[in-house]
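This report goes through a protein model by its sheets, loops and cavities. Definitions are given where a term comes up.

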Amino acid sequence: MRQTVTIPPAEIDRQLALCDQIHTLLEDRPGQKLAFVDTYGCQQNEADSERLRGYLARMGYAFSDTEEGADLVLLNTCAVREHAEQRVFGNVGALSHTKRRHPGQIICVCGCMARQEHVVERLKKSFPYVDLVFGPQLLWQFPELLMKKMTEGKRVFAAGDEIGTVAEGIPTVRQNRLKGWVSIMYGCNNFCTYCIVPYVRGRERSRQPQEILDEVRSLVDAGYKDITLLGQNVNSYGKDLDLGVDFAWLLEQVNAIPGEFLIRFMTSHPKDAGPRLFDAMAACEKVAPVLHLPFQSGSSRVLKAMNRGYTREHYLELIAQLRQRIPNIVLTSDVIVGFPGETQEEFEETLSLIEAVRYDALFTFIFSPRRGTPAAKLPDPMPKEQKSANFQRLLRRQNEISGEKHQAYIGKTYRCLVDGEGEDGLLTARTDGGRLIHLKADPSCIGTWQQAKITGASTWALFGELA
């Protein structure tokens, strides 16, 4: 068993002292210093950006919503899909203009892309105005890396090791006052053949239970009402701690914290999900009746080629067990169309699985080869045009299913958390199952639980009024 590497508290104290030194440096320069943090990708990246903002606030930066005029620009990147990478490179390219207008601007690129050697080389050679590059394993060391850039004036490229660490005590600046992310673990051990995550985020390492519970309590005390526990595979939580705890146990402990709040979590892996998790979800009244359980393909052969660790039959059995325990469960999932070697018949198996399960919503992707993963080297005979046609078929059918499921909400009343202002004078709210409601209500309702009667529905949202 690989032992989790924890950064000593003294090291975090040293980073905080460096934040204070940077604060002093900035005080000697005229005007309020602004930082712009741009986040790409998953919720884990959002949680990482909250910690980066925490460091920046300690340094004395205020936050801007644009790179124009910002003294520091930080791009927290995603490497999971090619489209995300191209967006980042395009936006980094555009920063050459802001850097020209503001020569003192410091440009930082971090996150998953910054752990890939070919990306780092491209940043070095093609974007000479990028000042600081570091991977997610070195997030805890950001103040030290920034100080090095500020005092020595040279570009800084820091890779970090492949194992990764756990660092506690980093300050956090959260952008949402109702919904909070809590990382319970980092990294991944699954090595799905299409996925770059284990290579860029390191191996699985769990946070200590008490640290997690203390963070949740602080959020509840601060008035947060919707708390999401995060991990690449939350069902693996605790395996590296040698404490005899697992994710279901953690759910039970979080559920026991006093207060009115909802518990969500993501992401679960089917090979590690099962009755223990489902029973805990059913028994814990604060756990939302929703599960994101990626299936990726409806073909057992393709699943084996993906190294997913389960079969179609096992996945469908899990869904049956889950619905037996939680009949009103809202199910969402991820699916990849066009994995290398997928035949038309195997794509039809994916469609038939969608028909069998009838998901509330799907996150759908056409296979995107990631350099450094085994799947990137596999033969891929299906033409792009056929993959695109299959993708559109899947999308159409899932949209029909989502629309049909939403129609069943009409005339019923659901508890929801009113979380913001939408368009056309409506508010936005979420059911416990995570369904979006465009709600007729007074803005004074924002931040409260309400009973909403559903009066209409579309493919992607519900419409309602206060009951």
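This is a predicted model: local features need pLDDT of at least 70, side-chain atom pairs count only at pLDDT 80 or more; totals for chains, interfaces and linings use all residues.

Leaving aside its neighbours within four places in sequence, with which residues is S268 in contact?

Residues are numbered from 1 along each chain as its sequence is written, and side-chain values use heavy atoms, with hydrogens and water left out.

Beyond its neighbours within four places in sequence, S268 is in contact with N233, V234, N235, L277, L291, H292, L293 and P294; contact means heavy atoms within 4.5 Å. S268 is buried, with a relative accessible area of 3%. Buried means under 20% relative accessible area, exposed over 50%, and partly exposed in between, for a 1.4 Å probe and protein chains only. From S268 to Y359 the separation is 91 residues in sequence and 16 Å in space, C-alpha to C-alpha.

## Loops

S268 is found in the loop between strand 11 and helix 9. Helices (H or I, at least four residues) and strands (E, at least two) are DSSP runs, numbered from the N terminus. T267 also has its place between strand 11 and helix 9 (275-283), and a cis peptide bond with omega of about 5° joins M266 and T267.

R358 has a positive phi, near 55°, although the residue is not glycine. R358 is in the loop between helix 12 (344-357) and strand 14 (361-366) and is partly exposed, at 27% relative accessible area. D424, again a residue other than glycine, has phi near 60°. Its loop lies between strand 15 (413-421) and strand 16 (427-431), and D424 is exposed, with a relative accessible area of 75%.

## Open sheet and its helices

Three strands form an open sheet in the order 7-10-11, with parallel pairing. Two strands pair if DSSP finds at least two bridges between them. Strand 7 (179-183) and strand 11 (262-266) are the edge strands, each pairing on one side only. The twist averages 25° from one strand to the next. Axes are lines fitted to C-alpha atoms, for helices over the stretch in contact, and angles run from 0 to 180 degrees between N-to-C directions.

Strand 7 and strand 10 (residues 226-230) pair in the parallel sense over five bridges, and W181 stands opposite T228 in strand 10. Helix 8 (residues 247-255) packs on the sheet and touches strand 10 and strand 11, its direction making about 155° with that of strand 11. Helix 2 (residues 43-59) lies across strand 7, strand 10 and strand 11, at about 95° to strand 7.

Five strands make a closed barrel that runs 15-16-17-19-18, with mixed pairing. On average, with direction ignored, neighbouring strands of this sheet are turned by 50° against each other. Strand 17 (residues 436-440) pairs with strand 19 (residues 462-466) in the parallel sense over four bridges. H438 stands opposite F463 in strand 19.

## Cavities

The structure holds three cavities of 30 Å³ or more. On a 1 Å grid over the protein atoms alone, a cavity is a set of points where a 1.4 Å probe fits but cannot get out, and lining residues have an atom within 4 Å of a point. Grid points are joined across faces, edges and corners, and a volume is the space filled by probe spheres set on the points.

The largest cavity contains about 120 Å³ of space. Its lining residues include D48, R51, W140, Y186, R201 and R205.

Conventions: On a 1 Å grid over the protein atoms alone, a cavity is a set of points where a 1.4 Å probe fits but cannot get out, and a pocket is an open set with protein on both sides within 12 Å along at least five of seven lines; lining residues have an atom within 4 Å of a point.
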